[in-house]
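Open the model in your viewer and keep the sequence panel beside it. Each stop below says what to select and what is there.

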Amino acid sequence: MRHAHEDPELLALVRRYVTPEGERRRHLKLGGSLLRMRSPEYDRFIHDLREDAGLITADEIATLLEGSWRERRTAAWLVAVSRRTEFRERIGELLLASEGCCAGLAYCVALATFGTERDADLLATYLDRYLCRPDLGYDQTVVMGALQFISLNLGNDQADRFLGLDGLWQQWLHDAPHMQANPDPLPSSLSLIRQLYAVVHECAEPI
């Protein structure tokens with residue numbers, strides 16, 4: 001992992017895309033916070049995000065994806081808005097590695113935006129690993145939401161094998177200590193992915 005405070009190249013990209021002038025906390029808004037924004041702030045934010053997604057180069061995205069969660073979250077959103085499917089496998093690798101916090105939802109948004117069977121495969125690979133770890137409260141809920149979102153759109157059964165009575169999802173809900181007193185989070189996770197997908201779609205529309 002590269003660190004902006006000791007990497008001039010990465011620091012320049014952080015200042016350009018992660019904390020741009022006038023949006024010093026962009027990386028914190030890329031998620032559920034976006035859904036609470038109102039015009040005119042929301043309109044400006046969407047305009048600037050769309051513009052940067054069109055300007056950033058593939059090499060710059062690759063560099064941001066080597067940084068911390070802030071850089072990776074921002075890069076994943078720029079990938080989603082610009083539909084840069086060449087980063088699909090890299091996004092999948094970062095999701096599966098789960099090296100740090102706070103970027104998993106952004107990876108899910110990108111894969112849900114691409115929405116192909118391969119994206120579903122990457123999400124399923126994550127679930128095969130981390131639903132077997134009830135001790136880890138990582139990104140299982142949003143990944144499951146993203147997989148169901150893609151499965152519903154494609155009309156396939158990728159999500160079904162996790163959701164049956166004997167599936168890994170129910171087992172994880174039962175065994176994970178932090179989930180046992182809570183209702184099934186899948187409906188809210190699916191709703192979140194749908195809403196953020198709609199934001200990406202809006203960003204991707206021509207000005």
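**Stop 1**

Select arginine 16 and aspartate 52. Their side chains form a salt bridge, with 2.9 Å from N to O. Arginine 16 belongs to helix α1 (residues 8–18) and aspartate 52 to helix α3 (residues 41–55), so the pair ties together parts that are 36 residues apart in sequence. Keep in mind that this is a predicted model.

Now colour the two partners by accessibility. Is each one buried or exposed? Arginine 16 is partly exposed, because its relative accessible area is 33%. Aspartate 52 is buried, with a relative accessible area of 3%.

Arg16, Arg26 and Asp52 are joined in a network of salt bridges.

**Stop 2: more charged pairs**

Side chains of opposite charge can pair when their charged atoms come close. How many salt bridges does a search of the whole structure find? It finds nine.

Select arginine 118 and glutamate 89. Their side chains meet in a salt bridge at 2.8 Å, N to O. Arginine 118 sits in helix α8 and glutamate 89 in helix α6 (residues 88–97), so this pair ties together parts that are 29 residues apart in sequence. Arginine 118 is partly exposed, at 38% relative accessibility. Glutamate 89 is partly exposed too, with a relative accessible area of 35%.

Move on to arginine 133 and aspartate 135. Here the salt bridge between side chains spans 2.6 Å, N to O. Arginine 133 is partly exposed, with a relative accessible area of 37%.

**Stop 3: aspartate 119**

Go to helix α8 (residues 117–130) and pick aspartate 119. Is aspartate 119 buried or exposed? Its relative accessibility is 0%, so aspartate 119 counts as buried.

The side chain of aspartate 119 reaches the backbone nitrogen of glycine 115 at 3.4 Å. Next, display the surroundings. Setting aside neighbours within four places in sequence, aspartate 119 is in contact with Arg88, Leu111, Phe114 and Ile150.

**Stop 4: arginine 73**

Select arginine 73, in helix α5 (residues 69–82). Arginine 73 is buried, because its relative accessible area is 13% and the cut-off for buried is under 20%.

Which residues does arginine 73 touch, not counting those up to four places away in sequence? They are His27, Leu28, Leu30, Cys102, Ala103 and Ala106. Zoom in on cysteine 102. The side chain of arginine 73 reaches the backbone oxygen of cysteine 102 at 2.9 Å.

Then set a distance between C-alpha atoms. Arginine 73 and cysteine 101 are 28 residues apart along the chain, and their C-alpha atoms are separated by 9.9 Å.

**Stop 5: the largest pocket**

Rolling a probe the size of a water molecule over the atoms shows where empty space is left. The largest pocket holds about 160 Å³ of space.

Select its lining: Ser98, Gly100, Cys101, Cys102, Ala103, Gly104, Leu105, Gly137, Tyr138, Asp139 and Val142. Colour these residues by class. The lining has six nonpolar, four polar and one charged residues. Cys102 is part of this lining, and its backbone oxygen is the atom reached by the side chain of arginine 73.

**Stop 6**

Most residues other than glycine have a negative phi, and most peptide bonds are trans.

Serine 98 is not a glycine, yet it has a positive phi of about 45 degrees. It is found in the loop between α6 and α7 (104–114). Serine 98 is buried, with a relative accessible area of 15%.

Select arginine 83, in the loop between α5 and α6. Its phi is positive, near 55 degrees, in a residue other than glycine. Arginine 83 is partly exposed, with a relative accessible area of 31%.

Finish with serine 39 and proline 40. The peptide bond from serine 39 to proline 40 is cis, with omega near 5 degrees. Proline 40 lies in the loop between α2 (26–29) and α3.

How values were computed: Residues numbered from 1 in each chain as written. Predicted model: local features only at pLDDT ≥ 70, side-chain atom pairs only at ≥ 80, totals over all residues. Heavy atoms only, no water. 1 Å grid on protein atoms, 1.4 Å probe; cavity = no way out; pocket = protein on both sides within 12 Å on 5 of 7 lines; lining within 4 Å. Points joined across faces, edges and corners; volume = space filled by probe spheres on them. Nonpolar A, V, L, I, M, F, W, Y, C, P; charged D, E, K, R; others polar. Helix = DSSP H or I, 4+ residues; strand = E, 2+ residues; numbered from the N terminus. Buried < 20%, exposed > 50% of the residue type's maximum accessible area, 1.4 Å probe, protein only. Polar contact = N/O pair within 3.5 Å; in protein donor to acceptor, adjacent residues only side chain to side chain. Contact = heavy atoms within 4.5 Å. Salt bridge = Lys/Arg side-chain N within 4 Å of Asp/Glu carboxyl O.
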